[in-house]
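Hello,

Here is the structure I promised to hand over. Please open it first, then read the notes below it.

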Amino acid sequence: QVQLVESGGGLVQPGGSLRLSCAASGTFFSTNAMGWSRQAPGKEREWVASITGGFSTNYADSVRGRFTMSRDNAKNTVTLQMNSLKPEDTAVYYCYVTSYNPTTTTWGQGTLVTVSS
């Protein structure tokens with residue numbers, strides 16, 4: 001099984017930036033798609049971004065143009081560069097990796113991002 005560990009969360013002022021990292025260990029393939037979702041208190045988990053094994057990225061409308069996802073297959077890590085942060089970006093951010101045959105999704109423990117002045 002694969003294990004995911006997120007890091008990089010913290011407190012940042014509106015307009016600031018943070019970079020989140022997610023390290024994968026265990027059984028893991030570079031061809032697997034990975035991504036980020038977030039969950040704010042009292043709200044449902046929201047998908048944020050994803051990246052395929054071919055480095056193709058997709059973003060939620062709410063973060064497109066502000067967030068950038070990348071992956072380093074040699075290190076089995078993905079990052080989420082978050083710029084121009086807004087208070088509504090405050091949430092626990094979770095990294096995930098998807099597998100197929102069987103279809104599964106593995107989540108990390110999450111890292112808290114708080115955007116406040």
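Two strands count as paired if DSSP finds at least two bridges between them. Keep in mind that this is a predicted model.

Start with strand E4, residues 34–39. It is mostly covered, with 5 of its 6 residues buried. E4 has strand E5 (residues 46–51) as one partner: 5 bridges join them, and they run antiparallel. Gly35 sits opposite Ser50 in E5. The two strands make a hairpin, with 6 residues between them. In that turn, Gly42 has a positive phi of about 80 degrees.

E4 also pairs with strand E9 (residues 91–99). Here 6 bridges join the strands, again antiparallel. Arg38 stands opposite Tyr93 in E9.

Next, the core. The largest nonpolar core has 29 residues. Those with the most contacts inside it are Met34, Trp36, Met69, Leu80, Met82 and Tyr93. Elements giving two or more residues to this core include E4, E5, E9 and strand E8 (77–82). In soluble globular proteins, nonpolar side chains tend to be buried together.

Which residues does Leu80 touch, leaving out those up to four places away in sequence? Among them are Leu18, Leu20, Trp36, Val48, Phe67, Met69 and Tyr93.

Last, a loop. Pro102 lies between E9 and strand E10 (104–107). Is Pro102 buried or exposed? Pro102 counts as exposed because its relative accessibility is 60%, and the cut-off for exposed is over 50%. Phe29 is 73 residues from Pro102 along the chain, and their C-alpha atoms are 14 Å apart.

Best wishes

Key:
Residues numbered from 1 in each chain as written. Predicted model: local features only at pLDDT ≥ 70, side-chain atom pairs only at ≥ 80, totals over all residues. Heavy atoms only, no water. Buried < 20%, exposed > 50% of the residue type's maximum accessible area, 1.4 Å probe, protein only. Helix = DSSP H or I, 4+ residues; strand = E, 2+ residues; numbered from the N terminus. Core = buried A, V, L, I, M, F, W, Y, C linked by side-chain atoms within 4.5 Å. Contact = heavy atoms within 4.5 Å.
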